[in-house]
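This report goes through selected local features of one model. Please look at the sequence and the coordinates before reading on.

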Amino acid sequence: MTIIIIAITVLVSLTAFQNNDLLYKYQFNAYQITKRNQWYRILTYGFLHANWDHLLVNMIVLYFFGDALEYYFSYNFGSAGVIYFIALYLSAIVFSTLYDLKKHKEHYHYNAVGASGATSAVVFATIFFAPLQPIYLFFVIPIPGILFAAGYLYYSYYMGKKNLDNIGHSAHFSGALFGFLFPLIIKPKLFSLFLQQILNF
């Protein structure tokens with residue numbers, strides 16, 4: 001399923017690279033969503049990207065963590081695992097933008113694209129199942145997943161408040177938090193498994 005999502009996202013994004021009308025019609029715009037009832041935008045924006053770098057980073061992250069998460073979902077939820085994986089990804093696209101939907105509903109010129117909120121959810125759901133598994137910062141520095149998660153949330157919250165760049169830090173924060181909680185929503189008993197691993201840290 002990870003490969004299918006990547007293929008769809010790459011195809012849609014590449015098409016939008018060549019067709020600005022497609023980008024403008026389906027990107028996130030809180031004003032268009034709330035004032036003109038274009039609610040499809042809260043989902044479609046997640047399959048669009050601003051440029052090649054933006055697309056490649058998100059798809060590389062999704063490739064590595066998506067495969068691991070599919071395994072964890074299959075192990076814990078059986079045949080329903082693939083359905084939950086799809087549900088996580090799509091609902092994270094929507095959930096990760098709810099804050100910006102409220103914040104920018106009067107801002108006609110605010111637009112956003114990208115799967116970062118959803119990929120953050122995939123990363124954090126993976127961390128939930130294996131909190132001590134190292135994540136390699138810059139592909140070099142190994143950091144236990146739970147410590148990486150704490151740092152990522154702090155950084156996203158801080159940068160979101162500062163608003164110093166053109167990156168959707170609030171979507172990263174919301175998506176990550178949603179991804180971490182998603183397995184617990186499905187099966188609250190999994191918290192004991194998570195806690196047991198943390199206590200062995």
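## Basis

This is a predicted model, in which local features need pLDDT of at least 70 and side-chain atom pairs count only at pLDDT 80 or more, while totals for chains, interfaces and linings use all residues. Residues are numbered from 1 along each chain as its sequence is written, and side-chain values use heavy atoms, with hydrogens and water left out.

## Annotated segments

The unreviewed UniProt entry places the feature "transmembrane region" at residues 42–65, 77–98, 110–129, 135–155 and 167–186. UniProt positions follow the numbering used here, feature names are shortened, and annotations may be inferred rather than shown by experiment.

Two of these segments can be described from the model. Residues 42–65 are 71% helix and 0% strand, with 23 Å between the end C-alpha atoms. Residues 167–186 are 90% helix and 0% strand, and here the end C-alpha atoms lie 30 Å apart. Helices (H or I, at least four residues) and strands (E, at least two) are DSSP runs, numbered from the N terminus.

## Helices α8 and α9

Helix α8 (residues 116–129) packs with helix α9 (residues 145–162) at an angle of about 145°, and the axes are 9 Å apart. The axes are lines fitted to C-alpha atoms, for helices over the stretch in contact, and angles run from 0 to 180 degrees between N-to-C directions. The crossing of α8 past α9 is left-handed, a term for a near helix turned anticlockwise from the far one by less than a right angle.

On the α8 side, the contact (heavy atoms within 4.5 Å) is made by Ser-120, Val-123, Phe-124 and Ile-127. The α9 side contributes Gly-145, Ile-146, Phe-148, Ala-149, Tyr-152 and Leu-153. Eight residues of this contact are nonpolar, two are polar and none is charged. In this scheme Ala, Val, Leu, Ile, Met, Phe, Trp, Tyr, Cys and Pro count as nonpolar, Asp, Glu, Lys and Arg as charged, and the others, Gly among them, as polar.

Ser-120 of helix α8 has a relative accessible area of 5% and is buried. Buried means under 20% relative accessible area, exposed over 50%, and partly exposed in between (1.4 Å probe, protein chains only). Neighbours within four places in sequence aside, Ser-120 contacts Tyr-152, His-172, Gly-175 and Ala-176.

Strands β1 (residues 134–137) and β2 (residues 141–144) run antiparallel and are joined by four bridges; pairing requires at least two DSSP bridges between two strands. Leu-137 has Ile-141 as its bridge partner in β2, and Tyr-136 has Pro-142. The hairpin has three residues between the strands, and Phe-138 takes a positive phi near 55°.

## Asn-37

A second case of positive phi is Asn-37, at about 55° although it is not a glycine. Most residues other than glycine have a negative phi. Asn-37 sits in the loop between α3 (30–36) and α4 (41–44), and it counts as exposed because its relative accessibility is 56%.

Leu-48 belongs to the loop between α4 and α5 (52–77) and is buried at 1% relative accessibility. Its C-alpha atom is separated by 5.4 Å from that of Gly-114, 66 residues apart along the chain.

Leu-101 is in helix α7 (residues 98–103) and is buried, with a relative accessible area of 11%. Beyond neighbours within four places in sequence, Leu-101 contacts Phe-28, Ala-30, Ile-33, Thr-34 and Trp-39. The C-alpha atoms of Leu-101 and Tyr-152 are separated by 22 Å. Leu-56, in helix α5, is partly exposed at 42% relative accessibility.
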